Amino acid sequence: MSSNADIYHEMIVDYSRNPVNYGEIEDHDVTFHDANPLCGDSIDIDMKIADNKVTDIKFHGKGCAICMACSSVLTEITKGKTLDDVRNIEKNDVLGELGLEHLQAVRIKCALLSLKVLKSALYTYLAGHLKDSQDVEKLKEEAANLY
């Protein structure tokens with residue numbers, strides 16, 4: 001392994017053993033759950049939102065080392081961001097933090113489960129707060145084109 005690969009491997013192991021932002025938010029503004037039945041990963045994300053920003057975010061559940069590490073990294077990236085910034089988070093923003101840009105297809109679902117849950121939670125929150133039906137339709141279209 002190269003030294004970069006060693007560093008990324010250590011980061012994944014550390015995040016999986018000591019996840020960041022792990023837990024639940026009792027008085028969350030939105031929560032969402034999804035699972036990957038192929039490998040048994042199961043993640044919930046809770047968010048507090050104020051003034052159009054994610055003021056707190058936590059995840060809980062179980063998953064493989066890659067799933068837990070990506071969930072930790074994603075919550076770190078998301079906390080404090082505006083909702084528009086969160087809408088613009090892409091898979092390479094998460095994968096790149098852990099050196100997983102060239103991850104095998106069979107493991108990509110593990111790595112991106114938390115991003116799918118985050119985006120679903122965000123769209124659920126936004127849909128509940130939009131007044132204009134055209135905005136809701138645009139949001140549904142955006143969500144449908146994610147995966």
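Which helix does E97 lie in? E97 lies in helix α4, residues 91–97.

This is a predicted model, in which local features need pLDDT of at least 70, side-chain atom pairs count only at pLDDT 80 or more, and totals for chains, interfaces and linings use all residues. Residues are numbered from 1 along each chain as its sequence is written, and side-chain values use heavy atoms, leaving out hydrogens and water.

**Helices, strands and burial**

Helices (H or I, at least four residues) and strands (E, at least two) are DSSP runs, numbered from the N terminus. Buried means under 20% relative accessible area, exposed over 50%, and partly exposed in between (1.4 Å probe, protein chains only). Accessible areas come from the Shrake-Rupley method with a 1.4 Å probe; for residues, only the protein chains shown count as cover.

E97 is partly exposed, at 43% relative accessible area. Y15 lies in helix α1, residues 3–17. Y15 counts as buried, with 14% relative accessibility. The C-alpha atom of Y15 is 6.7 Å from that of M68, although the two are 53 residues apart along the chain.

**A negative patch**

E97 also belongs to a negative surface patch, together with E76, E90 and D93. Patches are made of residues with over 30% relative accessible area and no salt bridge; like charges are joined within 9 Å, and nonpolar side chains (Val, Leu, Ile, Met, Phe, Trp, Tyr) within 5 Å. Lys and Arg count as positive, Asp and Glu as negative; His and the chain ends are not counted. The place of a charge is taken as NZ of Lys, CZ of Arg, CG of Asp or CD of Glu.

**Salt bridges**

How many salt bridges does the rule count? The count comes to four. A salt bridge is a side-chain nitrogen of Lys or Arg within 4 Å of a carboxyl oxygen of Asp or Glu. The table lists some of them.

| Pair | N to O distance |
|---|---|
| D27 and K48 | 3.8 Å |
| D29 and K48 | 3.9 Å |
| K116 and D34 | 2.9 Å |

D27, D29 and K48 are linked in a network of salt bridges. D27 sits in the loop between α1 and β1 (30–36), while K48 is in strand β2 (residues 41–50), 21 residues apart. D29 is in the loop between α1 and β1 as well, 19 residues apart from K48. K48 is partly exposed at 23% relative accessible area, and D29 is partly exposed at 37%.

Now take K116 and D34. K116 counts as partly exposed, at 34% relative accessibility. D34 counts as buried, at 18%.

**Cysteines**

A disulfide is a covalent bond between the sulfur atoms of two cysteines. Here the rule asks for a pair of cysteine sulfur atoms within 2.5 Å. The structure holds zero disulfides. C67 is in no disulfide, and its nearest cysteine sulfur, that of C64, is 5.4 Å away. C67 is buried, with a relative accessible area of 1%.
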